[in-house]
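Work through the exercises below with the sequence and the model in view. Each task is followed by its solution.

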Amino acid sequence: MPDSITLSAELLMQFGERLFRATGVSENEAAIVSESLVAADLRGHASHGVVRIPDYVRQLEKGELVADVELDVSSETASLIVADARFGFGQMQMRQLIDRLDPKAREQG
């Protein structure tokens, strides 16, 4: 029996998506988070990769991690945003934050 098994990135993403969907995560969010975790592994950052899936599932079940939440912006200026991720997936909340910050950065030069 081999010491290790090699799985394709696609198979790992599908597996992660199915696990997240089983805990109530939307299809879109499950796909984005799974892709991010597999990408971390492929870049050599195993601590931020698929090894996180069991923890994320436990956190979702306990309500310590909340799926499909919107970023809560409490204040902003021309170049600053103060926001609360509301216990959402970092992968999702950061995308929302960048979407709001990108135009600000462009305007500020």
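**Exercise 1.** Decide whether Arg18 is buried or exposed.

Solution. The relative accessible area of Arg18 is 58%. Buried means under 20%, exposed over 50% and partly exposed in between, with a 1.4 Å probe and protein chains only. Arg18 is therefore exposed. The model is predicted: local features need pLDDT of at least 70, side-chain atom pairs count only at pLDDT 80 or more, and totals for chains, interfaces and linings use all residues. Residues are numbered from 1 along each chain as its sequence is written, and side-chain values use heavy atoms, leaving out hydrogens and water.

**Exercise 2.** State which helix holds Arg18 and how far apart Arg18 and Ser34 are in space.

Solution. Arg18 belongs to helix α1, residues 9-22 (helices are DSSP runs of H or I with at least four residues, strands runs of E with at least two, numbered from the N terminus). Arg18 and Ser34 are separated by 16 residues in sequence and by 9.4 Å in space, C-alpha to C-alpha.

**Exercise 3.** Describe how the axes of α1 and α2 cross.

Solution. Helix α2 spans residues 27-42, and its axis comes within 8 Å of that of α1, crossing at roughly 140 degrees. Axes are lines fitted to C-alpha atoms, for helices over the stretch in contact (heavy atoms within 4.5 Å), and angles run from 0 to 180 degrees between N-to-C directions. So α1 is oblique to α2, as angles under 35 degrees count as roughly parallel, over 145 as roughly antiparallel, 65 to 115 as roughly perpendicular and the rest as oblique.
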